[in-house]
Amino acid sequence: MKVLACAVVVGALTAAAEQVVQKPAAPVGSNSSSRDADRAAIEKLHQQDIAATLSRDPVALTDLWSDDGIRFGPHQPAEVGKQAIRESNERWSTLPIKVLTFVPEVKDLTIWDGWAVEWGYFTGSYVESPGGDPKQIRGARLWVLKKLPDGSWKCFRGMDSPVAFVVGASTALAGHVVPGPAAAAGSDRGHDADRAAIEKLKHLDAAATIARDAAAMADLWADDAVRFGPDAPADLGRQAIRATNERSTARPIKVLTFVPETKDLRIWDGGAVEWRYFSASIVASPGGETTQVRGTVLAVLKKLPDGSWKCFRAMGIPD
């Protein structure tokens, strides 16, 4: 993973909004394969990530990603597709930076058939030029992984966000694997109903954000959700998310507009991933000037047994 905030702007986005696809093609015999094999293959990807980051090898860094992968970092456009990711890696590798250490810490891993989502923190140290003083970096990351027909796993969507500190360690063990959410009854009828339910969730999100309703904003999330914001540790669980919402809504901020723009939505049985831009206008205090805010959100959604959808994992970064 390219851990330093030094990527260069890439070309215009080519992802189509609201695209719905089936899960990746399963390898032969995958119905009988165990989660142990998936976990081992994902751990191999982690080790490749560490080695490629320390060596700053642009080819090895790129090989972590699927052909249709998208990488997100703060204050930069999305890198859409493996070629764009490689070009960014190549530009980064020409800088005189030396990575001294890189230590990712996976806090939770959830595996579906053909898809997985993990989140965690990372720490690292680097020097910007020969003889320079070492600098420390730490952050959070959210990865959505995709299983290829040969049984290997690649990063399909990935977002990093710096954090000033890491507190409140998750109760989930590093590398912990849990089964994906159970698909609701009748989920094999196609994804039209799922798409409509996810669209409803997005409208509820916009209404709750403008109203600054702490309870309504918390109700968008699954009980076991994890939410990341910039420069802060994760909110673990719906109750923690609601507590953060209540602290936020106690401030005299007024949200005038909030416009989410979904760029891509991928749905599989029981889960989905979308990424979106958002723009908003806010007033920080009564009589204050209007401020414009823009950012990017990567969200993993979870289907509940009643057919509704809730947010399961999400990270947002500013533009």
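Tutor: Let's start with a working rule: two strands count as paired if DSSP finds at least two bridges between them. Keep in mind that we're looking at a predicted model.

Student: Okay, which residue stands opposite Val300 in S13?

Tutor: That's Arg313. The strands here are S12, residues 290-303, and S13, residues 309-318. Nine bridges join S12 to S13, and the two run antiparallel.

Student: How many residues lie between S12 and S13 in the hairpin?

Tutor: Five residues sit between them. Look at Gly307 in that turn: its phi is positive, at about 95 degrees.

Student: And in what sense do S8 and S13 pair?

Tutor: S8, residues 221-228, pairs with S13 in the parallel sense, over four bridges. You can find two facing pairs by eye: Trp221 has Cys311 of S13 as its bridge partner, and Arg227 is opposite Ala314 of S13.

Student: What order do the six strands of the open sheet have?

Tutor: Read them across as S9-S8-S13-S12-S11-S10, with mixed pairing. At the edges are S9 (235-236) and S10 (254-268), each pairing on one side only. As a general idea, side chains in a regular strand alternate between the two faces of the sheet.

Student: Why is S13 largely enclosed?

Tutor: Buried means under 20% relative accessible area. Nine of the 10 residues of S13 are buried, so the rest of the structure largely encloses this strand.

Student: Which residues line the largest cavity?

Tutor: Among them are Pro104, Glu118, Trp119, Arg141 and Trp143. S3 (98-111), S4 (115-127) and S5 (135-147) are the elements that each give two or more residues to this lining. S4 has the largest share, with four residues. Sorted by class, the lining has six nonpolar, one polar and three charged residues.

Definitions and conventions
Residues numbered from 1 in each chain as written. Predicted model: local features only at pLDDT ≥ 70, side-chain atom pairs only at ≥ 80, totals over all residues. Heavy atoms only, no water. 1 Å grid on protein atoms, 1.4 Å probe; cavity = no way out; pocket = protein on both sides within 12 Å on 5 of 7 lines; lining within 4 Å. Nonpolar A, V, L, I, M, F, W, Y, C, P; charged D, E, K, R; others polar. Contact = heavy atoms within 4.5 Å. Axes fitted to C-alpha atoms, helices over the stretch in contact; angles between N-to-C directions. Buried < 20%, exposed > 50% of the residue type's maximum accessible area, 1.4 Å probe, protein only.
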